[in-house]
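Please look over the structure below with its charged side chains in mind. The briefing after it is meant for a reader who is new to this structure.

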Amino acid sequence: MRKPAVTSVPIASLMAERWSPRALDPAAVVTPDQVRALLEAARWAPSFGNTQPARYLVGLRGTPSFDAILSTLNSGNQAWAGRAGLLLIGVMVTTNAKGSVPYAEYGLGLASENLVLQAVELGLVAHQMAGFSADAVRSAFSLPDDAVPKVAIAVGSPGDPEVLEEEWRVEREKSERVRVPLEEFAFTGQWGKPAI
């Protein structure tokens, strides 16, 4: 299932095709080469002063790491994310040899967007989630104090929305993608004065 963005002008297809489905094909596999490409894309994201604060915990379906990551998700996300071929936790490292890492969360966000766009390039889909227990991740993966779990990401192949079973979930999956109009998104001169 595709849901390309409806834009006022053409944008790069990687961005137009990116969306966050929950209906994933439970039989589809994410290969080790695809995992490597996703992580390489994330690794080459920009970061403040090249501090590179992003790290990822990686679990392919059928591995103990996948099960551990899945167990940290809230029940709503567990209901669908178990069909993913790959689960990740994005972690920001907040210190380095020079001290505190500035803009670590921003750096992790940039890296995760690279990862998600690489998924589109590979014909995969990715869904980022805030609904997980950071404490459970810290415990399951023995994270040091300066490693802060910030996002869970499910990667897989799109599936039939009917796998979501509950009618409201199926309808949400099929619904139109909506964004704030440009007039309310970018301003010039003063807040609220549209730039476009």
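Predicted model: local features only at pLDDT ≥ 70, side-chain atom pairs only at ≥ 80, totals over all residues.

Residues are numbered from 1 along each chain as its sequence is written, and side-chain values use heavy atoms, with hydrogens and water left out.

**Salt bridges**

- With a salt bridge defined as a side-chain nitrogen of Lys or Arg within 4 Å of a carboxyl oxygen of Asp or Glu, the count comes to 6.
- Among them is the pair of E17 and R2, with an N to O distance of 2.3 Å; this pair links E17 in helix α1 (residues 13-17) to R2 in the segment before α1, 15 residues apart.
- E105 and K150 also meet in a salt bridge, at 3.4 Å from N to O, and this pair joins helix α5 (residues 104-121), which holds E105, to strand β6 (residues 147-156), which holds K150, across 45 residues.
- Another salt bridge is formed by K174 and E162, whose closest N and O atoms are 3.4 Å apart; K174 lies in helix α7 (residues 167-174) and E162 in the loop between β6 and α7, 12 residues apart.
- Helices (H or I, at least four residues) and strands (E, at least two) are DSSP runs, numbered from the N terminus.

**Exposure of the partners**

- Buried means under 20% relative accessible area, exposed over 50%, and partly exposed in between, using a 1.4 Å probe and protein chains only.
- R2 is exposed because its relative accessible area is 57%, whereas E17, at 24%, counts as partly exposed.
- E105 is partly exposed at 47% relative accessibility, and K150 is partly exposed at 34%.
- K174 has a relative accessibility of 42% and therefore counts as partly exposed, and E162 is likewise partly exposed, with a relative accessible area of 42%.
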